[in-house]
Amino acid sequence: MHALANPARFLRFARPATTWLLLVGLVLAVGGMAAGLTLTPPDYLQGETVRILYIHVPAAWLGMAGWLGIAGASVSQLVWRHPLAAVAGRATAPAGATFAAICLTTGSIWGRPTWGTWWEWDGRLTSMLILFFLYLGYIALASAERERGGEGRIAAIYGLVGAINLPVIHYSVLWWRTLHQGQSITVTGSSIDSSILWPLPLTMAGFTCLFGAAVLMRMRAELAEAKVEARLRRMSA
Amino acid sequence: MNPWPFVIAAYGAAIALTAALLLWAHGSMRRAEAAADALKRK
């Protein structure tokens with residue numbers, strides 16, 4: 001992390017990394033989705049709708065991982081004053097918000113044929129919706145702070161406080177046993193049959209690479225905008 | 001209930017939102033880097 005504190009050094013890493021993440025992400029995500037739609041059998045209970053798993057689970061993972069990234073950037077900024085930490089936090093938020101929105105949308109669509117409802121104020125669904133609103137709040141706060149020339153410390157504190165919602169999302173299916181199913185995939189194994197499960201690692205890796213590419217592209221855009229602003233200030237002085 | 005319209009709608013939404021994110025991020029990066037390069041050449 002500290003080796004990339006210098007923006008010039010970061011850009012030397014970020015330029016090729018963006019291209020590779022985009023290419024690998026597209027291949028894995030498209031391959032995984034195609035396999036999930038055509039090569040796996042239907043579930044004995046859910047039938048064909050189980051195929052929504054291959055996009056819903058990566059979106060849920062990235063919605064939460066995005067905020068974990070914001071929390072990490074916030075610590076890095078508040079403790080070590082890492083020069084790219086605020087940029088990384090601001091760049092991560094739109095990608096995290098997008099995947100939280102994908103998770104909510106695909107979950108709602110999956111819920112209609114499976115549960116008979118588009119939405120229920122269940123613990124998992126509600127905490128995920130709160131995460132989406134937290135992202136919107138972070139985006140608004142961080143951009144307002146940047147426009148006023150702040151260092152992004154208020155947004156960093158907000159990022160840390162918002163991280164309280166992550167364990168709530170994770171354990172919501174254990175704390176409140178309502179509509180959303182319990183954990184199917186844990187560190188010790190999975191209750192999903194391997195004939196259905198195998199494309200999931202492909203889409204998980206693919207969408208994670210695309211998420212990484214989006215974050216790097218936003219960081220490069222922010223650094224270039226900062227360079228333009230600094231140069232214009234020097235020219236007008 | 002035919003499940004395929006739900007499956008197609010879910011994949012369509014996921015692909016459209018991911019593509020929108022990537023296109024927006026790529027476009028903003030290209031514009032910002034082009035502006036920085038143009039200013040450097042001045």
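1. The model is predicted. Keep that in mind for every point below.

2. Start with α2(A) and α3(A). Their axes lie 7 Å apart and the helices pack at about 155°. α2(A) and α3(A) are therefore roughly antiparallel, since angles over 145 degrees count as such. The crossing of α2(A) with α3(A) is left-handed. The residues of this contact split into 17 nonpolar and 12 polar, with no charged ones.

3. Next, follow α3 of chain A, residues 85-115, to α4 of chain A, residues 123-147. The two axes come within 9 Å and cross at roughly 150°. That angle makes α3(A) roughly antiparallel to α4(A). Here too the crossing is described as left-handed: α3(A) with α4(A).

4. Which residues of α3(A) and α4(A) make the contact? On α3(A), they include Gly89(A), Ala93(A), Ala97(A), Leu104(A) and Gly107(A). On α4(A), they include Leu125(A), Met128(A), Phe132(A), Tyr135(A) and Ile139(A). The contact of α3(A) with α4(A) counts 17 nonpolar residues, 3 polar and 1 charged. Arg90(A) is among the α3(A) residues involved.

5. Now look between the chains. Chain A gives 31 residues to the contact and chain B gives 23. On the side of chain A that touches chain B, the elements giving two or more residues are α2 (53-80), α3 and α8 (200-236). The largest share, 12 residues, comes from α8(A).

6. What is the make-up of the side of chain A that touches chain B? Its residues divide into 18 nonpolar, 5 polar and 8 charged.

Note on methods:
Residues numbered from 1 in each chain as written. Chains lettered and ligands numbered in written order. Predicted model: local features only at pLDDT ≥ 70, side-chain atom pairs only at ≥ 80, totals over all residues. Axes fitted to C-alpha atoms, helices over the stretch in contact; angles between N-to-C directions. Helix = DSSP H or I, 4+ residues; strand = E, 2+ residues; numbered from the N terminus. Parallel < 35°, antiparallel > 145°, perpendicular 65-115°, else oblique. Left-handed = near helix turned anticlockwise from the far one by under 90°. Contact = placed C-beta atoms within 7 Å. Nonpolar A, V, L, I, M, F, W, Y, C, P; charged D, E, K, R; others polar.
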